[in-house]
Amino acid sequence: MHITAMPTPATVAPSIPYDRIRAVEWLDGSIRLIDQRLLPGKFEHLTLHTLAEAVHAIRDMAVRGAPAIGITAAYAVVLAARARYTENPGNWQAALVPDLHMLAEARPTAVNLRWAVERMRALSAQLSGDPLPALLAEAQRIHAEDIAANHRMGELGAALIEPGSGVLTHCNTGALATGGYGTALGVVRAAYAAQRLNAVYADETRPWLQGARLTAWELVQEGIPVTVIADSAGAQLMRENRVRWVIVGADRIAANGDTANKIGTYNTAIAARHHGVRFMVVAPISTVDMATPDGAHIPIEQRAESEVLNFAGQRTAPEGARAWNPAFDVTPADLIDAIVTERGVVLSPTREKLAALMRA
Ligand code: MRU
């Protein structure tokens with residue numbers, strides 16, 4: 001379904017082409033989300049009034065994508081602090097501690113969630129009096145910084161792509177997964193605007209179909225041609241020389257450059273290396289976790305078996321079959337040709353190069 005009546009949110013910069021969608025907004029004292037579970041069939045908003053509702057929305061994938069859940073969490077801290085301050089103006093910070101813990105634990109792999117909660121916690125510890133104005137301003141800064149980072153990464157990543165290239169992307173890393181514009185999909189947007197792309201392929205991304213449902217929806221909204229492939233078609237796509245780059249996002253980049261991203265990313269990186277296709281990871285600095293030494297230390301979220309055993313609400317595997325359902329995998333740094341951040345591009349990432357980037 002093509003949605004013609006999509007409202008233009010206040011944070012959209014009219015000067016940037018292909019940047020019209022906002023998944024998360026602060027509106028009238030609440031969080032307003034596009035309910036991503038319903039796309040592309042229905043475009044509906046979900047309004048969150050409490051931190052508990054935000055935790056549920058993050059766990060249940062109404063909002064997903066590492067930066068978008070971080071931004072939602074930042075706004076959720078505002079909701080929680082407002083409630084705790086109203087209950088007990090003298091002791092609201094102590095009452096907030098379990099709230100922050102519950103929020104940070106909502107999903108384990110995306111480090112942006114903990115990063116945003118920690119940034120809000122650090123500010124809240126310094127406040128006295130009504131915390132709402134300062135915390136809301138901080139959450140809005142986190143949101144605006146993410147959009148600006150995405151625009152910058154779009155420019156930097158697009159510059160790596162030779163005109164006339166086909167690209168393959170995995171999962172959804174677009175406006176829906178971020179504050180706006182997207183990371184890997186921001187590079188696709190910028191490269192398309194610069195007329196460097198001759199084709200964009202999107203992995204469907206089992207089991208949640210973020211590629212088929214969300215990436216394809218975003219690109220259709222923007223008028224950017226997109227071709228969806230079954231996840232298992234990627235290697236054949238590369239053998240037929242249809243793509244020069246695989247461009248993906250990240251949920252966490254460890255200090256040595258190992259990168260956790262949506263399950264299936266690792267398969268695609270192996271196929272890319274075999275076929276001489278280059279592999280680009282696009283992620284803001286808030287996704288780089290120098291406290292995690294390498295990929296083996298990244299916690300991988302395990303999700304419900306039912307997500308694999310069923311399709312569109314129908315059981316597809318026989319009763320009695322079990323499922324193994326890791327939501328993410330880790331691509332080792334040596335399969336990555338470029339990590340693009342808002343601070344710069346790291347080619348053939350190593351621990352030393354990432355440390356230098358973080359110091360810059
Ligand atoms: O389970 P999801 O949909 O939250 O997984 C999302 C991804 O893996 C994205 O690639 C990643 O968060 C980067 S989004 C800019």
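A cavity is a set of grid points where a 1.4 Å probe fits but cannot get out. In this predicted model, the largest cavity has a volume of about 180 Å³, and the ligand takes up the space of that cavity.

**Ligand site**

- The shell around the ligand is made up of 18 residues, and those that come nearest are Arg64, Arg107, Asp251, Asn261 and Lys262.
- Asparagine 261 places a polar side-chain atom 2.6 Å from an oxygen atom of the ligand.
- Aspartate 251 also has a polar side-chain atom by a ligand oxygen, at 2.8 Å.
- Glycine 65 takes part through its backbone, with an N or O atom that lies 2.9 Å from an oxygen atom of the ligand.
- On its own the ligand has 420 Å² of accessible area, and the protein covers 99% of this.
- At least two residues of the ligand shell come from helix 2 (66–87), and at least two from strand 9 (259–262).
- Sorted by class, the ligand shell holds seven nonpolar, seven polar and four charged residues.

**Cavities**

- Rolling a probe the size of a water molecule over the atoms shows where empty space is left.
- Three cavities of 30 Å³ or more are found in the structure.
- The largest cavity, at about 180 Å³, is the space that the ligand takes.
- Its lining consists of 22 residues, with Arg64, Gly65, Ala66, Asn172 and Asp251 nearest the centre of the cavity.
- Helix 2 and strand 9 are the elements that give two or more residues to this lining.
- The lining of the largest cavity has ten nonpolar, eight polar and four charged residues.
- Arg64 and Asp251 are named among the residues nearest the ligand and among those nearest the centre of the largest cavity.

**Largest pocket**

- The volume of the largest pocket is about 280 Å³.
- Its lining includes Arg37, the run Arg206, Pro207, Trp208 and Leu209, and Arg213.
- Also in the lining are Ser306, Glu307, Asn310, Phe311, Ala312 and Gly313.
- Helix 10 (306–309) supplies at least two of the lining residues, as does strand 12 (310–311).
- By class, five residues of this lining are nonpolar, three are polar and four are charged.

**Second largest pocket**

- This pocket has a volume of about 220 Å³.
- It is lined by 13 residues, and Asp231, Ser232, Gly264, Asn267 and Thr268 lie nearest its centre.
- Helix 8 (234–239) and helix 9 (265–275) each contribute at least two lining residues.
- Helix 9 gives the most to this lining, with three residues.
- The lining of the second largest pocket is made up of four nonpolar, six polar and three charged residues.

**Backbone geometry**

- Most residues other than glycine have a negative phi, and most peptide bonds are trans.
- Proline 40 is in the loop that runs between strand 2 (30–34) and strand 3 (45–48).
- Proline 207 lies in the loop between strand 5 (197–203) and helix 7 (210–222).

Note on methods. Residues are numbered from 1 along each chain as its sequence is written. This is a predicted model: local features need pLDDT of at least 70, side-chain atom pairs count only at pLDDT 80 or more; totals for chains, interfaces and linings use all residues. Side-chain values use heavy atoms; hydrogens and water are left out. A residue is near a molecule or strand if one of its heavy atoms lies within 4 Å of it. A polar contact is a pair of N or O atoms within 3.5 Å; within protein, one must be able to donate a hydrogen and the other to accept it, and residues adjacent in sequence count only if both atoms are side-chain atoms. Accessible areas come from the Shrake-Rupley method with a 1.4 Å probe; for residues, only the protein chains shown count as cover. On a 1 Å grid over the protein atoms alone, a cavity is a set of points where a 1.4 Å probe fits but cannot get out, and a pocket is an open set with protein on both sides within 12 Å along at least five of seven lines; lining residues have an atom within 4 Å of a point. A molecule sits in a cavity or pocket if more than half of its atoms lie within 2 Å of its grid points. Helices (H or I, at least four residues) and strands (E, at least two) are DSSP runs, numbered from the N terminus. Ala, Val, Leu, Ile, Met, Phe, Trp, Tyr, Cys and Pro count as nonpolar, Asp, Glu, Lys and Arg as charged, and the others, Gly among them, as polar. Grid points are joined across faces, edges and corners, and a volume is the space filled by probe spheres set on the points.
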